[in-house]
Amino acid sequence: MIGYVSIGLLGLLALSIPVGIVLFLLGFGIDAFFSNFPLTKGLGNMVWSASNSATLIAIPFFVLLGEILVRSGVATRTYAALDRWVSWLPGGLVHANIATATMFSATSGSSVATAATVATVAMPQAEKLGYDPKLFSGAIAAGGTLGIMIPPSINLIVYGFLTQSSIPQLFLAGLIPGLGLALMFMLITVIICLIRPDLGGLRRTFPFPQMLRALIDLVPILMLFGMIVGSIYAGWATPTEAAAVGVAGAFLIALAFGGVSWDMLTQSLTGTVKITSMIMLIVIGASFLNFTLASAGLGRELTEFMDGLGLSPLGFILVVVVLYIVLGFFIETLSLMVVTIPIIVPMVLVQGYDVIWFGILMIVLIEMALITPPVGLNLYVVQGARKSGNLNEVMLGALPYCLTMLVMAFLLIAFPSIALFLPNALQ
Amino acid sequence: MELKVIAILRRLNKGVALFVGAGLLVCATFVLTDIIMRRFGTSLGGTEEIAGYAMALATSWGMAYTLLEMGHVRIDILRSRADSFKRALFDVFSMIVMSGVIITIALKAWPVLERSIKNGSTANTPLETPLVWVHLPWFAGWVWFALMATTITLCALSLLIKRRHGDTEQFIGAFAEQETLQ
């Protein structure tokens with residue numbers, strides 16, 4: 001059955017059938033070939049209960065928050081403010097790209113939205129100040145991936161939903177690895193630019209009073225992060241409710257910066273519906289496949305399969321890492337996550353690993369998938385905002401950051417407490 | 001003719017999407033009000049239940065809009081290497097499969113509604129919502145999605161038969177990644 005699902009999955013995906021539909025087809029196949037009782041009879045109920053979810057409504061809320069924020073004009077101010085603070089480092093404005101992406105990750109649940117936001121404000125500066133386009137755009141693509149690691153995160157909500165693990169704990173677990181990655185990105189930038197100063201462009205220092213004044217422009221984003229994450233951990237709101245708080249906060253910011261108009265509102269709303277339905281078709285398909293796999297006795301077969309492999313838990317995790325890197329070249333990230341959860345997560349748990357920890361490891365690997373060609377959404381988003389040069393430059397520029405992520409993945413395997421320290425400390 | 005139909009469907013579903021989006025906004029306001037009221041020791045009650053219903057309805061009615069905006073994710077490994085005629089074959093094939101699956105879902109959604117009509121069932125919650133109220137629009141959403149998918153497939157097939165396969169690209173072809181390039 002594992003073989004059937006894996007081969008069927010890859011074969012049908014290669015035919016470019018929509019990912020969500022492929023998951024349903026596999027579920028039908030399991031029902032027809034592996035199950036003793038008809039599972040498809042329950043399809044209607046499955047679809048209803050997978051979408052009738054107060055947890056998942058956090059997805060459209062976080063998408064809407066991002067859509068409003070992107071159109072509010074707050075990104076330009078944030079970028080300018082961070083420029084004042086970090087552009088003295090070797091690499092100059094490249095650090096502002098990473099820092100802005102990190103800030104936006106803390107309010108956005110999506111990596112693509114984060115990369116798009118930063119790319120829109122940063123790219124015009126690159127040309128003006130004569131930066132090397134490779135490293136500059138690569139840093140945006142990579143920094144943007146932090147959107148799904150630093151809470152809030154749509155991918156972690158989906159992971160929590162499908163594995164029935166705690167979303168607040170997942171959010172806490174993502175914080176240190178997310179900030180750690182941001183620092184490592186900046187470190188690798190400094191190293192690269194010390195070796196090859198021509199890649200970094202102009203380093204600039206600003207007078208201290210100017211730096212202080214710039215802090216005011218960071219207040220809206222920090223407040224929004226405080227509202228969303230604070231309301232969860234103060235016990236005032238569930239992650240879903242915090243998302244609604246975030247929507248209100250984003251609206252206030254947009255109002256304050258004069259970015260609210262009828263057009264902006266309709267575009268934000270229809271954009272939200274489009275992305276939400278895209279995600280939900282995949283999530284509902286995965287729930288159905290999950291259900292059929294479990295009913296047809298996947299658990300037993302997995303244990304036998306794992307025993308047959310004879311791998312140590314560490315050996316197994318390394319195989320999983322390689323698998324995600326390879327699949328990450330070809331499969332869009334949320335799909336990659338959702339299609340693999342029903343098969344991989346039970347195996348990982350059988351090996352005695354923590355479900356929260358694996359969620360974070362998976363996110364790091366998914367982040368890599370976002371910037372590895374040929375299918376790496378963030379590369380395309382950044383290239384789309386550049387309007388010149390070609391995609392290869394962004395890919396090359398993203399490569400050092402990609403390796404940094406791989407280092408983070410190994411650090412997580414060697415020191416699981418990087419992810420688990422905060423959730424355990426605050427339990 | 002086919003392209004005109006698609007244009008009409010697009011406009012129609014944009015309206016639906018706007019309505020769904022507005023519904024989500026109302027739901028967010030509702031949730032927010034509840035959080036604030038809880039701070040003052042009262043509560044609207046049942047927000048979680050209503051949020052769940054809103055999500056189910058938004059999902060079923062938003063699907064067709066996403067389909068027409070070519071937002072449902074597909075993998076582009078083999079397809080991108082084919083010429084325009086073979087690409088159209090890939091696209092039409094995937095639309096036929098998709099329509100089949102969506103029609104199946106819509107058919108299987110009917111028993112859910114039928115049961116809540118027959119038994120007059122209510123939700124096992126403080127609100128005791130009569131489930132027909134939410135199952136009916138939810139079912140209708142999946143039927144709408146099935147109708148849209150079938151119509152789009154027929155339009156594409158008809159263009160394919162007329163050897164105008166280049167024209168199908170613009171409503172069943174492009175991929176999410178390519179769209180962001182524009």
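Q: What are the percentages of helix and strand over residues 139-161 of chain B, and how far apart are the end C-alpha atoms?
A: In this predicted model, residues 139-161 of chain B are 100% helix and 0% strand, with 33 Å between the end C-alpha atoms.

Q: Where does UniProt place the feature "transmembrane region" in chain B?
A: According to the unreviewed UniProt entry, the feature lies at residues 16-38, 50-68, 88-110 and 139-161 of chain B. Such an annotation may be inferred rather than shown by experiment. Over residues 16-38 of chain B, the model is 100% helix and 0% strand, and the end C-alpha atoms are 33 Å apart.

Q: Why does B:E2 count as buried?
A: The relative accessibility of B:E2 is 5%. Buried means under 20% relative accessible area, so B:E2 counts as buried. The residue B:E2 belongs to helix α1 (residues 2-39) of chain B.

Q: What makes the pairing of the side chains of B:E2 and B:K162 a polar contact?
A: The two side chains approach to 2.6 Å. A polar contact requires a pair of N or O atoms within 3.5 Å, one able to donate a hydrogen and the other to accept it; the pair formed by B:E2 and B:K162 is therefore a polar contact. Beyond four places in sequence, B:E2 is in contact with B:C155, B:S158, B:L159, B:K162 and B:R164.

Q: Why is A:A254 called buried?
A: A:A254 has a relative accessible area of 0%. The limit for a buried residue is under 20%, and A:A254 is therefore called buried. Helix α12 (residues 239-256) of chain A holds A:A254.

Q: How far apart are A:A254 and A:I68 in sequence and in space?
A: The two residues are 186 residues apart in sequence, and their C-alpha atoms are 7.0 Å apart. When residues up to four places away in sequence are not counted, A:A254 touches A:I68, A:S72, A:G259, A:V260 and A:M264.

Q: Why does A:S277 count as buried, and which residues is A:S277 in contact with?
A: A relative accessibility of 1% meets the criterion of under 20%, so A:S277 counts as buried. A:S277 sits in helix α13 (residues 262-295) of chain A. Leaving aside neighbours within four places in sequence, its contacts are B:A58, B:T59, B:G62, B:M63, B:T66 and B:H72. A polar atom of the A:S277 side chain is 3.4 Å from the backbone nitrogen of B:M63.

Q: Why does B:R74 count as buried?
A: B:R74 has 8% relative accessibility, and under 20% is termed buried; B:R74 therefore counts as buried. B:R74 is in the loop between α2 (47-68) and α3 of chain B. The side chain of B:R74 reaches the backbone oxygen of B:I172 at 2.9 Å.

Q: What lines the largest cavity?
A: The largest cavity is lined by 13 residues, with B:L67, B:M70, B:R74, B:M95 and B:I172 nearest its centre. The lining comprises eight nonpolar, three polar and two charged residues. Helix α3(B) contributes the largest share, four residues.

Q: How many cavities of 30 Å³ or more are found, and what is the volume of the largest cavity?
A: The search of the whole structure finds three cavities of 30 Å³ or more, and the volume of the largest cavity is about 120 Å³.

Notes
Residues numbered from 1 in each chain as written. Chains lettered and ligands numbered in written order. Predicted model: local features only at pLDDT ≥ 70, side-chain atom pairs only at ≥ 80, totals over all residues. Heavy atoms only, no water. 1 Å grid on protein atoms, 1.4 Å probe; cavity = no way out; pocket = protein on both sides within 12 Å on 5 of 7 lines; lining within 4 Å. Points joined across faces, edges and corners; volume = space filled by probe spheres on them. Helix = DSSP H or I, 4+ residues; strand = E, 2+ residues; numbered from the N terminus. Nonpolar A, V, L, I, M, F, W, Y, C, P; charged D, E, K, R; others polar. Buried < 20%, exposed > 50% of the residue type's maximum accessible area, 1.4 Å probe, protein only. Contact = heavy atoms within 4.5 Å.
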